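Open the model in your viewer and get ready to select residues. Each stop below says what to pick and what is there.

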Amino acid sequence: MVDRNDRVPMMTGRTRRSTIGPTPAGGNSKQANGSKQSSAGEKTPSHPSHSNGKVKKEKQVHDVTQNCHVLQESLLSSASGYSNYRGILNWCVVMLVLSNARLFLENLLKYGILVDPIQVVSLFLKDPYSWPAPCLVIVSNVFIMAALYTERKLSVGTISEMTGTFLYLVNLTTLLCFPSATVLTLTSMTPAGGVFALGVYTILFMKLYSYKDVNMWCREIRHTKARTLTRSHSCPSVAQSNGSAVHSHVSYPGNLTHRDIYYFVFAPTLCYELNFPRSPRIRKSFLLRRLFEMVRCTNLDVILFQWIVPTIQNSMKPFQDMDFSRMMERMLKLAVPNHLIWLIFFYWFFHSSMNFVAELMQFGDREFYRDWWNSETVTYFWSNWNIPVHKWCLRHFYKPIMRRGVNKWVAQTAVFLVSAFFHEYLVSVPLKMFRLWAFMGMMSQIPLAWFVGRFLRGNHGNAAVWISLIIGQPVAVLMYVHDYYVIHYMSQS
């Protein structure tokens, strides 16, 4: 019988030699606490298969520890499929803020506070006892009621389609002419108040035009099918069930109610439907986030105006002297803050404000914009940066023209003409001067779209779109500011 003290060294050596290879059943194994466990006097069998398995295991471990490369692309390569660039975007924002903070502080130290909240309010209200812009907005209810009662008469056949078309023509024409005449006549109307009032009337014009078309299509379907559709409530009642809202279906002419038309007037869309997609509930946290964004973006725009006002003021002398080199320098200096204001306004209006209104009204379609920042053509940009206007133009203007056999290029030119008219309408009338800079700027998009689509592709096309946005707007701004300064200030002096 072997002594216990003689067996310990043999077992210890055998345990050390078997650390690379697999431990046989009943053999030694090292526990987590470092102690060794062994069976009493059992000997590890010497077998050829054990040695072969040991070699294979050593080779496998060697391969695993040495092979550290696989077939893959760099993250910044397009083939990698990587798309999380949030850190780079934050870096760009930080660098943009830091690079422009010096200019803002320089203007603040040199010129003082040029823009404050009280001055911003005075842009809309010159006289606290005379509010022409809010009064104009209140008067717009007359045109809404005229459209509703015209549709009611048409639905029961009291008036003919020709008479209804004439009434709509008068209503929509007055809708555009009345506020513009008021803005041009009243001296208490400020330019900012005029832009606000005319913007509301322009949106209302497009909404009521869509309201007319959709109800006319409903009457055509009713006459074609020769049957009466069931009448139901317009803006349907909401039945609460386990926290979700269930909305009933609306059929023509049950939609011709005050509640229905006012829901459409306040909804963040320009295209009318009898049954809008509705969200199940109102999310209070979502509303608070959008409200915070609206306040923050407004403050940022006010701060940027502190930067842009001295630049515009210093641009008047180069324009008067026709110093083209200085004019170009002023325009490039104005391009950065003007573009930042435009980007902040886009986010404030199309994301924060419209989502806020949509959440309040449980309006389900939240596609107010698409990825216009990836535009490789000018046409793609104008089709995706303002989806409500694009849908309205496509549904009520472009497709009806195409159905009449008009060429595609002519139809697109007609859409740009209508857009150019409304751009000039919203600028020239509040400023009370007609220079057609906005109109010509919009019409210049047609040859630019042809050139970019024909000769530029990919990143070059996207860069051309960005350059047109960054440079084109400051040119129009300086043109209008110069003419406004000449008319209202130089003539007085």
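Which residues are linked with Glu151 in a network of salt bridges? Select Glu161 and Arg219: together with Glu151 they make up that network. Keep in mind that this is a predicted model. The structure holds 8 salt bridges.

Next, select helix α10, residues 284-313. Pick out Glu293 and Arg290, whose side chains meet in a salt bridge at 2.7 Å, N to O. The two sit about one helical turn apart, because 3 residues separate them in this helix. Both Glu293 and Arg290 are buried.

Now show Asp365 and Lys391. They form a salt bridge, with the closest N and O atoms 3.0 Å apart. This pair links distant parts of the chain, 26 residues apart. Asp365 lies in the loop between α12 (324-360) and α13 (378-384), and Lys391 in helix α14 (residues 387-403). Asp365 is partly exposed at 28% relative accessible area. Lys391 is partly exposed too, at 30%.

Select Glu367 and Arg370. Their salt bridge has its closest N and O atoms 2.8 Å apart. Glu367 is partly exposed at 32%, and Arg370 is partly exposed at 30%.

Turn to helix α15, residues 408-431, and find Ser428. Is Ser428 buried or exposed? Its relative accessibility is 1%, so Ser428 counts as buried. Leaving out residues up to four places away in sequence, Ser428 touches Met433, Phe434, Arg435 and Tyr480.

Last stop: the surface. Select Leu75, Leu76, Tyr82, Tyr85, Ile88, Trp91 and Met95, which make a nonpolar patch of about 750 Å². Ile88 belongs to helix α3, residues 86-111. At 44% relative accessibility, Ile88 is partly exposed.

Terms used:
Residues numbered from 1 in each chain as written. Predicted model: local features only at pLDDT ≥ 70, side-chain atom pairs only at ≥ 80, totals over all residues. Heavy atoms only, no water. Helix = DSSP H or I, 4+ residues; strand = E, 2+ residues; numbered from the N terminus. Buried < 20%, exposed > 50% of the residue type's maximum accessible area, 1.4 Å probe, protein only. Contact = heavy atoms within 4.5 Å. Patch = residues over 30% accessible without salt bridge, like charges linked within 9 Å, V, L, I, M, F, W, Y side chains within 5 Å. Areas by Shrake-Rupley, 256 points an atom, 1.4 Å probe, with all protein chains shown as cover. Salt bridge = Lys/Arg side-chain N within 4 Å of Asp/Glu carboxyl O.
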